[in-house]
Amino acid sequence: MFITPAFAQTAGGQASGAGILVQMAPLVLIFVVFYFLLIRPQQKKMKEHKAKIDAVKKGDQVITGGGLVGKVARVDEIYADIELAPGLKVKAVKSTLTEVIDPTAAKPAND
C-alpha cells in the first residue's frame, strides 16, 4: 500500500566525448600537481645527491648513512675507505654516503 514500485531510469543515449573529458579532468589535474610539487623536485634532489657522491675524492669529509663522520682515504667505483680516527679505517659503499661536508663551511668543534 505505501510502497511504490521503483523503476530504473533508462539511458538517455550514448555518453558524449565531452562528458568523459569532464570526468577525467580532475584526475589529470591531480597528477600534474603531484608531478610539479612532489615528483620533479625529488628527482632533481636525487640527481644532485648522486652527482655529489660520484664526485667524492680523497681527503673529503663525509657522513655515512649510519651517522659516522670521517675523512675519505681511498675511493673506487663502488667503495670508499673512510678514516674515522687515526689508524681506524672502514670500507663503506659509496651509495650509502649521505653527505659530503664542505671544509670551508664546516664549523670547528668546541673542545
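Predicted model: local features only at pLDDT ≥ 70, side-chain atom pairs only at ≥ 80, totals over all residues.
Me: What elements does the chain have, and in what order?
Reply: The chain has one helix and five strands. From the N terminus on, they run α-β-β-β-β-β.

Me: How much of the chain counts as buried, and how much area does the chain expose?
Reply: Of the 111 residues, 14% count as buried. The chain exposes about 9,600 Å². Carbon and sulfur atoms supply 64% of that area.

Me: Why is Ile53 called buried?
Reply: The cut-off for buried is under 20% relative accessible area. Ile53 has 5% relative accessibility, so Ile53 counts as buried. Ile53 is found in helix H1.

Me: What does Ile53 touch, leaving out residues up to four places away in sequence?
Reply: Ile53 touches Lys94, Leu97 and Val100. Ile53 and Leu97 are 44 residues apart in sequence, yet their C-alpha atoms are 7.0 Å apart in space.

Me: What makes a group of residues a nonpolar core, and which residues make up the largest one here?
Reply: The members must be buried, must be of the listed kinds, such as Ala, Val, Leu and Ile, and must be joined through side-chain atoms within 4.5 Å. The largest nonpolar core has eight residues in all. They are Ile53, Val56, Val62, Val72, Ile82, Ala92, Leu97 and Val100.

Me: Which residues does Val62 touch, not counting those up to four places away in sequence?
Reply: Val62 touches Val56, Leu68, Val69, Gly70, Val72, Ile82, Leu97, Glu99 and Val100.

Me: How do you know that Lys50 and Asp54 form a salt bridge?
Reply: A salt bridge needs a side-chain nitrogen of Lys or Arg within 4 Å of a carboxyl oxygen of Asp or Glu. The closest N and O atoms of Lys50 and Asp54 are 3.0 Å apart, so the pair qualifies. Lys50 and Asp54 are four residues apart in helix H1 (residues 17–54), which means that about one helical turn separates them.

Me: Lys50 and Asp54: exposed or partly exposed?
Reply: Exposed means over 50% relative accessible area. Lys50, at 53%, therefore counts as exposed. Asp54, at 44%, counts as partly exposed.

Me: What makes Lys52 and Glu99 a salt bridge, and what does the pair tie together?
Reply: Their N to O distance is 3.1 Å, and the cut-off is 4 Å, so the side chains meet in a salt bridge. Lys52 lies in helix H1 and Glu99 in strand E5 (residues 97–101), so the pair ties together parts that are 47 residues apart in sequence. Lys52 is partly exposed at 34%, and Glu99 is partly exposed at 33%.

Me: How many salt bridges does a search of the whole structure find?
Reply: The search finds five. One of them joins Lys57 and Asp60, at 3.4 Å from N to O. Lys57 counts as exposed at 51%, whereas Asp60 counts as buried at 15%. Arg74, Asp76 and Asp81 are linked in a network of salt bridges.

Me: Why is Asp81 called buried?
Reply: Asp81 has a relative accessible area of 14%, and buried means under 20%, so the word applies. Asp81 lies in strand E3 (residues 79–85). Leaving out residues up to four places away in sequence, Asp81 touches Lys71, Val72, Ala73, Arg74, Val90 and Lys91.

Me: How do you know that E3 and E4 pair?
Reply: Pairing takes at least two bridges between two strands. E3 and strand E4 (residues 88–93) have six bridges, so they pair, and the sense is antiparallel. In E4, the bridge partner of Glu83 is Lys89. The two strands form a hairpin with two residues between them. Gly87 in the turn has a positive phi of about 85°.

Me: Why is the pair of Tyr35 and Phe36 called edge-to-face?
Reply: A search of the whole structure finds one aromatic pair. The ring centres of Tyr35 and Phe36 are 5.2 Å apart, and pairing needs centres within 6.5 Å, so the rings pair. Tyr35 is partly exposed at 31%, and Phe36 is partly exposed at 47%.

How values were computed:
Residues numbered from 1 in each chain as written. Heavy atoms only, no water. Buried < 20%, exposed > 50% of the residue type's maximum accessible area, 1.4 Å probe, protein only. Contact = heavy atoms within 4.5 Å. Areas by Shrake-Rupley, 256 points an atom, 1.4 Å probe, with all protein chains shown as cover. Phe/Tyr/Trp six-rings, centres within 6.5 Å; stacked < 30°, edge-to-face > 60°.
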